[in-house]
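Colleague: I have not looked at this one before. Can you walk me through it?

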Amino acid sequence: MEQIITEAGELVPNLQEQIEKIGIANAGDDYHMLAIIGPQSSGKSTILNLLFNTTFQTMNESTGRQQTTKGIHASAAQGHPIMIFDVEGCDSRERGDADAHFERKAALFALSLAEVLLVNMWESDIGRYNAANIPMLRTVFEVNVQLFLAQQQTKTKLLFLIRDFTTEAFDAICSNITRDMNDIWKEIALPESLKGRQITDFFEFEFFTIHHMKIQREKFDEDVEELRRWFIDDTHERFLFKEKSAKIVPGDGLTTYISNMWDVIKNNRDLNIPSQRSMLSHFKCEETAKNELNEIIEKCQPLHISINKQKKRVDDFGAQVEPIVGAALKNYKEATWRYIPEIVAERETLFLNDIIEFLKPLYVKNIEFITENSTNAFLEFLDQQGDDLVEGGNWQKQVFDEEDRIVTEVNEFATSNIPITLKEVFPPYKLDGFGVVLTELAKSRQNSLVSQLSQRIGANQLHEFELQANEILKAANDDMWVTLRALLKSSIESTVSQINSILKTNIPEAKSDESDLKTSFEDKAIALVEESANYILLKMKSSFDKHFKYDSNGHPRVWTQSDDVDGIFEDARAAGQRTLKLFTISKLRDPNEPYDPKEDPRNKVDQSPGKKKGKRKSRKSTGIDQLSKILIDNDKCEEIEESFNRLIWHTYNEAKEAIKAQEAQNQIPPWAWFALLFIAGDKLLKLLANPIVFVLFSFFGGGIFMLKQLGLYEVVVNTIKDRISEFIDSFTAGDDEDDDENGEEDENEGENIEKTENENNESGEEAQNRNLAQLPKLKKRIPISGTLTKPQMPSSFSLQEFNSGPSGDNAEEDVAENEIELEFQRDENEE
C-alpha cells in the first residue's frame with residue numbers, strides 16, 4: 001500500500017517510485033483499475049484488504065470512529081493485475097464543510113481512472129441524502145456524462161456494496177437505490193444531443209450485499225469470497241472486467257497520466273468555487289475538440305495515402321480539406337456554445353492549432369511535390385537552352401524570366417491549397433528557400449557555360465596557335481622568338497576578345513579569366529618549344545642541308561669544279577650552329593616585361609588535372625621563369641655539335657666525290673672524241689640505224705647523263721652492286737651448308753676472308769684520311785685523333801629520334817632524316 005495523493009491534495013514527490021512498488025509499471029496494458037468511495041469509517045479499507053489481500057490501513061476500534069485513510073492510497077491485488085485506489089471517506093468530522101471540494105476531486109479522480117467504482121454504503125443509510133453519498137453521486141454522474149463519455153468505449157460500472165445486510169428484501173433495496181439514481185439523473189442538465197437519454201445508457205448498476213462481519217461471520221466470509229470471484233474469475237458470469245476499458249493506459253506511462261489527471265482536477269477553477277461549470281466547460285471543450293480532430297484525421301486518410309504513401313501531388317488539396325475542417329469547427333461550436341465563452345474560445349484556438357499541426361505536414365509535403373516538379377522543369381528548361389553560349393544570345397534574361405514564372409506559379413499553388421477557413425491562422429509556405437534553390441541552379445549552370453565557352457574557344461585558339469607556332473619553330477629564323485612572342489600575345493588577346501564578345505549579351509556581368517587563358521597559352525608555347533628543342537639535331541641538319549644542298553633559289557645544287565665547296569660547307573655548318581644557338585634558351589617572355597616569381601601561377605599550389613576534388617598537388621616554387629629557362633645546357637650543346645659535325649661530313653664527302661667524277665670525265669681531250677668519231681663513225685651510224693639499239697642508247701645514255709648531273713650516279717651504281725651481291729649470296733648460302741664436312745677448307749677460307757677484311761679496313765682508313773686531307777678548314781672543328789675511323793653515333797643521338805620527331809615536320813626534314821640513315825648504312829656497306 002502506497003500513498004499517491006496526500007490529505008493536502010498534493011501528489012507525493014516520489015510518485016514514480018510508488019507506482020513501481022505497486023507493480024503495475026511493467027504490466028503494459030494488461031491490468032485493471034478499481035476504486036472505492038463512501039463515508040468515513042464505513043469499512044472501505046477493511047473490505048479491500050479481505051477481497052484482494054492488500055494492506056490498507058484500517059480503523060483502530062480502541063480509539064473510536066475517526067479518519068483513517070487520508071488522501072488517496074493505491075495498491076495491487078495480490079496475485080492479480082488489479083490496481084486498487086482507496087479514496088478518503090467523505091462526510092468526515094476532520095475536514096468538515098471547508099474541505100468538501102477535496103472529496104469531490106477525489107471522487108472525480110476515482111471515476112476518471114477506475115473501470116469499476118465501488119460505492120460503499122450501509123443498509124441502514126439507504127434513503128438518506130448525505131449518508132447514501134447522494135451529493136457525491138450527483139457529481140459523478142455530471143462529470144461522467146459531460147466530460148468523460150467521449151473517452152470511454154464501455155459504460156461505467158457502479159457496484160453498490162451494501163454492508164451489514166440483515167433483511168431478505170434484496171430486490172427492494174436495489175429498487176430504492178435505482179430510484180434515487182434516476183432522481184439524480186433527472187436533475188442533471190443534459191446537452192441537446194443527449195436529450196431523452198436514460199442513465200442506463202451511460203452506467204451499469206451492480207448490487208452486492210454483505211452480511212455483518214461480526215454477527216454473521218460465516219456468511220460474511222462467504223460473501224467476500226463470492227465477491228472476489230467477480231473481480232478475478234474471468235469465467236464467472238458476473239465477472240466485472242469482461243470488456244476492455246478505454247481508461248487503461250500503458251503501465252510505464254501511468255505515473256504521467258495520474259500526474260496530469262490530478263493536476264487538471266486539482267487546478268480546475270470551477271472546483272475552487274461552489275460551481276462545476278468551469279470544470280465541465282474545460283472537459284467538454286477538450287473532449288469535443290479531440291473527437292473532431294480524430295474525425296478530421298480519419299477523413300483525411302485518403303489524402304495521407306495519396307501524399308505520403310503513393311507520393312502523388314493533390315492539386316485540389318485546399319478544396320478537399322475545406323469541408324472537413326469547416327464541419328469540425330461547426331460541430332465544436334454547436335457542442336460547446338452553452339459553456340463559459342472564454343473557455344470555449346481559448347480551447348477553440350488550441351483546436352485550430354491542433355488542426356494546423358496535423359494538416360501542415362501534408363500541406364508542406366504536397367507543396368514539396370510541385371517544388372520538386374518545378375525544379376525538374378527548370379532544369380529541363382536550362383538543358384533546352386543548349387550547352388553553349390552563342391553570339392548575340394540573351395541566356396541570362398531568358399533564365400531569370402523562367403525562374404520568376406515558376407516561383408509565381410508555385411506561390412499561387414501554395415496559397416490556393418490553404419483551406420479558406422484557416423487562411424487567417426494557417427502559416428504560409430515560405431518560398432524564399434525555393435527561389436534560392438532555383439537561383440543557385442541557374443548560377444551553377446551559368447558558371448558551367450562560361451567555363452565551357454572558355455574551354456571551347458580556348459581550345460580552338462590553342463589549336464590555331466599550335467599550328468602557327470610549329471611553322472615558326474620549323475622555320476627557325478633569326479627572328480623566331482620575336483615572332484613567337486607576337487603570336488602568343490595576339491592569340492591571347494583574340495581569345496579574350498571572342499569570349500567577352502559572347503558573354504556581353506548572354507551574361508553581361510561575366511568576364512573571361514584572362515589570367516588562366518594567358519597561363520594556358522604560355523604553357524602550350526613552353527611545351528612546343530621544349531618539344532622542338534628535343535629534335536634540335538634534326539633541325540640543325542635540315543638547316544645545313546638547306547644551305548649546302550640547295551642554292552639561293554631553292555633548287556638542288558649540282559656541284560661543278562668552279563664551286564667553292566669548302567666555303568659553302570662552312571656557311572651551311574654555321575647556319576646549323578645558329579639553329580642550335582637559337583634553341584639554347586627560351587625567350588618567350590618579353591624582355592621589357594618584369595617578372596615576379598611570387599606572382600607566377602606555375603609556382604603556386606594548384607588543382608592538378610585528373611585529381612579528385614579536394615586533393616591538391618603542391619608545386620614547389622623554384623623562382624625560375626619558365627618562359628625564359630634554359631632549354632639545352634652547355635654540355636648538351638657540345639655533345640649535339642659533335643654529333644652534328646659527324647653527320648655533315650658525309651654530305652661534304654659526296655660533294656667532293658661529285659667534283660672528282662667531273663674532273664675524271666674532263667680528262668679525255670676533245671681531239672680523242674673527234675678521232676673516235678672519224679675512225680668508227682660509220683659503224684656507229686650503222687649501229688644506231690637499228691631502232692631498238694637507238695632507243696636503248698638514248699634511254700641509258702640520257703639516264704646516265706641525268707644521274708651525273710644530279711650527283712646520284714655513284715649512289716645508283718653502288719645500289720645496283722649491293723643488289724647483285726645479295727642475289728649471288730642467296731644462291732651460295734645453300735652450298736655453304738653442304739660444305740660442313742670440309743672443315744679445314746672452311747677454316748682456311750675464313751682466315752683468307754679475315755685477312756681480306758683487314759686489308760679493306762686499312763684501305764678504307766687510307767681513303768678517309770685522303771678525304772680529310774681535302775678539308776683543311778674542318779680540322780679545326782672536327783676532332784681527329786690518330787687515324788680517322790668510321791664516325792660513331794653519339795649516345796644522345798639515334799635514328800629513332802628522327803622517326804619519332806614532332807608531327808607536321810616539313811618535307812626537307814624528312815629528306816634529311818632519310819639521308820642521315822642512308823649515310824650510316826652506306827658506311828656499314830663500305831666496311
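Colleague: Is Lys-524 buried, partly exposed or exposed?

Modeller: This is a predicted model. In it, Lys-524 is partly exposed, with a relative accessible area of 27%.

Colleague: Which residue forms a salt bridge with Lys-524?

Modeller: Glu-466 does, and the closest N and O atoms are 3.6 Å apart. The pair links distant parts of the chain, 58 residues apart: Glu-466 is in helix H14 (residues 432–475) and Lys-524 is in helix H16 (residues 514–534). Glu-466 is partly exposed, at 24% relative accessible area.

Colleague: How many salt bridges does the structure hold?

Modeller: The structure holds 26. One of them joins the side chains of Lys-157 and Glu-204, at 3.7 Å from N to O. Lys-157 lies in strand E6 (residues 156–163) and Glu-204 in strand E7 (residues 203–209), so this pair ties together parts that are 47 residues apart in sequence.

Colleague: And Lys-157, buried or exposed?

Modeller: Lys-157 is buried, because its relative accessible area is 11% and the cut-off for buried is under 20%. Glu-204, at 26% relative accessibility, counts as partly exposed.

Colleague: Which residues do salt bridges with shared partners join into one network?

Modeller: Glu-286, Lys-290, Arg-347 and Asp-354. Within that group, the side chains of Asp-354 and Arg-347 meet at 3.5 Å, N to O. Arg-347 is buried, with a relative accessible area of 9%, whereas Asp-354 is partly exposed at 26%.

Colleague: Changing topic. How many residues are in the largest nonpolar core?

Modeller: That core has 97 residues, and those with the most contacts inside it are Phe-351, Ile-355, Leu-484 and Phe-548. Helix H12 (residues 341–384) supplies the largest share, 15 residues. Domain 2 (276–431) and domain 3 (433–553 + 562–598 + 625–653) each contribute at least three residues to this core.

Colleague: What is Leu-484 in contact with, leaving aside neighbours within four places in sequence?

Modeller: Leu-484 is in contact with Ala-469, Ile-472, Leu-473, Val-529 and Leu-588. Apart from this core lies another one of 60 residues, including Val-87, Val-119, Ile-173 and Trp-185.

Colleague: Where is Ile-720 placed?

Modeller: Ile-720 is in helix H22. Ile-720 is partly exposed, with a relative accessible area of 48%.

Note on methods
Residues numbered from 1 in each chain as written. Predicted model: local features only at pLDDT ≥ 70, side-chain atom pairs only at ≥ 80, totals over all residues. Heavy atoms only, no water. Helix = DSSP H or I, 4+ residues; strand = E, 2+ residues; numbered from the N terminus. Buried < 20%, exposed > 50% of the residue type's maximum accessible area, 1.4 Å probe, protein only. Core = buried A, V, L, I, M, F, W, Y, C linked by side-chain atoms within 4.5 Å. Domains from an automatic or database assignment. Contact = heavy atoms within 4.5 Å. Salt bridge = Lys/Arg side-chain N within 4 Å of Asp/Glu carboxyl O.
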